[in-house]
Amino acid sequence: MKMRINLERLRGDIEALAEIGRDPRGGITRPSFSRADMEARDWLKKKLQEAGLCCRQDGAGNIFGRLGGDGRAVLVGSHIDTVINGGKFDGSAGVLAGLECLRVIKETEVTLTKPIELVAFTDEEGNLVGDFLGSRAFAGLLNKQEIEKGMTSFGRPLADILKGTEFSVESILRASEERPEIEAFLELHIEQGTSLETEGIPIGIVERIAGKRYFWCSYVGRADHGGTTPLELRQDAFLATADLALKATQLVATRHYGSMVTIGKVHVYPGSFSVVPGQVDFSLDFRSSSSETLKLLETELLSLAGDIASTRGLSFYYRPVDQTEPAALSERLIGIMKEECARLEYPFMMMTSGAGHDAQIVSSLAEAGMIFIPCLDGISHSPQEMINWEDLEKGANLLLHALLRLAT
């Protein structure tokens, strides 16, 4: 009989963790180092101890639970922080599926030849200073200046957010010194898209993870009276932003199909009802699974933005905020997961992830692999985020058997 996870126990864990950080708007708000996050950390540590795992925490707040002795570890996990008013499966499903796998392995007294270590990485969502704070700290990939001087998304320095916690900017920067030797990393995650659901397939095996460039940009023109300034004389910063949004989308769709561009955050000034906008600050996010395409996109999109500014009599400014490189995941781990899907009789499809994940960062240190499960209507980062529990059961069973292949 093939070993199986206990879905009822895993579901109970997910539902219990989802009660921590409940947002009045219906979702979950649990950014790293918030009061809700500190409560969730304590909850997870207790769960690790109850499971008989050796629990520890590094200087970045990454939490580990180890099963087995010394040697290069097989790492499994994800993150438990959320976006503001997010869902209960993004990240948490991967951490708690990993915990359930370790419990099953321990309960069935499987002999391990390599230790398995569960990890919950800090601030994968980028609520603080750039995405993947915990896994970048773990990998030694932090930008020291960004961590020491950068402002968080809450408008405060990271050092201020850390006051009253056991962590500091210095401890985060030293986290890689505490890193164990690792053999491989596996991460289960919801897809955050519709491909699996559309195809009616319960498992996605990820081949590549797209890289990202994130810029904060501004168009600066002139604020004028909206009732008296002729249209042809306006230096309207909002019209330039709208023009860029449309033309950038057309450019990516026609020249770099499969890549993505998004203007997701816009601040209009002076923001008055009948005043022509004199300045617009906005985010520019573009992604591709190809490093070469990312470089082209950076050149082409910033050039396009500058051309629009010249045409409309505006100034254009920009600064880089964050970047991650595309990652090709381990062919060996992909092969193991394909074989285990066949043994378990689970249909699967190969996928590229447009969203970034901790596996992307850890792949710089060791072989990394990812399992996707469907989320209903592709909705994520939302109170409406939902899964079919049977899909999670299949994904967690695949994770269990892949771990057994790697560590026994």
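Mentor: A crossing is right-handed if the near helix is turned clockwise from the far one by less than a right angle, and left-handed if anticlockwise. The model is predicted, so local features need pLDDT of at least 70 and side-chain atom pairs 80 or more, while totals for chains, interfaces and linings use all residues. Residues are numbered from 1 along each chain as its sequence is written, and side-chain values use heavy atoms, without hydrogens and water.

Trainee: At roughly what angle do H1 and H3 cross?

Mentor: Two packed helices are described by the angle and the distance between their axes. Here the axes of H1 (residues 7–17) and H3 (residues 92–107) come within 10 Å and cross at roughly 140 degrees, which makes H1 oblique to H3, and the crossing is right-handed. Helices are DSSP runs of H or I, at least four residues, numbered from the N terminus; axes are lines fitted to C-alpha atoms over the stretch in contact, with angles from 0 to 180 degrees between N-to-C directions. Angles under 35 degrees are roughly parallel, over 145 roughly antiparallel, 65 to 115 roughly perpendicular and the rest oblique.

Trainee: Which residues of H1 make the contact with H3?

Mentor: Arg 9, Leu 10, Asp 13, Ile 14 and Leu 17 of H1 do so, contact meaning heavy atoms within 4.5 Å, and H3 contributes residues including Leu 96, Glu 100 and Arg 103.

Trainee: How does H1 pack with H13, at what angle?

Mentor: H1 and H13 (residues 389–407) pack at about 110 degrees, with axes 10 Å apart, which makes H1 roughly perpendicular to H13, again in a right-handed crossing. Leu 7, Leu 10, Arg 11, Ile 14 and Glu 15 of H1 meet Trp 389, Leu 392, Glu 393 and Ala 396 of H13.

Technical notes:
Helix = DSSP H or I, 4+ residues; strand = E, 2+ residues; numbered from the N terminus.
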